[in-house]
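Dear colleague,

Please find below the structure that I am handing over to you. My notes on its side-chain contacts follow directly after it.

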Amino acid sequence: MFGISPIGWFHTLGSLPALAMAIYMLVRHGRIVPRSIPGAIYFASMVLGGATAFLVAKQPVSYAIGGLTLLVIAVGYGVHRLTFLGRLRRYIETMSLSFSVLLLLVPTVTETLTRVPDGAPFASSVSSPIVLGAHATLLLAFIVGLIAQIIVLRREGRARVAA
């Protein structure tokens, strides 16, 4: 079904919890919260998806996305240990984990549009206008969302200083 190999299904199904947890945390908290139960599920699922991307990749950009995903997840989940960065840690954490959501969504949308419905997909290739439009929409949503997150973090930081 959909021309997906068994390892492809493992990669896809292993990555799905990350998508669900990202949506949940973004709606509930406005950001990915790494030190939470949904954050732990997100981490495990993203690492699984990033690592298995190398096994299912067919294009060079897929290797780059897999490697970059693992890097930004490591930064996002590890930056809190770098105490010398002070309040900057929260910004780096938020930006890294938000970027990881973008890295999750780009291949998800691309694969969905080029595989579904089975036998007659919405897009014939990754360079079709519908795929490129979807990518542009994701990028715009990422930029707007990141700006909103930074504004909220700044307000929270000012409120802590004032308290």
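A search of the whole structure, which is a predicted model, finds four salt bridges, a salt bridge being a side-chain nitrogen of Lys or Arg within 4 Å of a carboxyl oxygen of Asp or Glu. In one of them, Glu 93 pairs with Arg 35, and the closest N and O atoms are 2.7 Å apart. Glu 93 lies in helix α4 and Arg 35 in the loop between α1 (6–29) and α2 (37–56), so this pair ties together parts 58 residues apart in sequence; helices are DSSP runs (H or I, at least four residues), numbered from the N terminus. Glu 93 is buried at 3% relative accessibility, where buried means under 20% relative accessible area, exposed over 50% and partly exposed in between (1.4 Å probe, protein chains only).

Another salt bridge joins Glu 156 and Arg 90 (2.9 Å, N to O). Glu 156 belongs to helix α5 and Arg 90 to helix α4, so the pair ties together parts that are 66 residues apart in sequence. Glu 156 is partly exposed at 30%, and Arg 90 is partly exposed at 27% relative accessibility.

Arg 115 also forms a salt bridge with Glu 111, with 2.5 Å between the closest N and O atoms. These two residues are four apart in helix α4, which means that about one helical turn separates them.

Residues are numbered from 1 along each chain as its sequence is written. In this predicted model, local features need pLDDT of at least 70, side-chain atom pairs count only at pLDDT 80 or more, totals for chains, interfaces and linings use all residues, and side-chain values use heavy atoms, with hydrogens and water left out.

Yours sincerely
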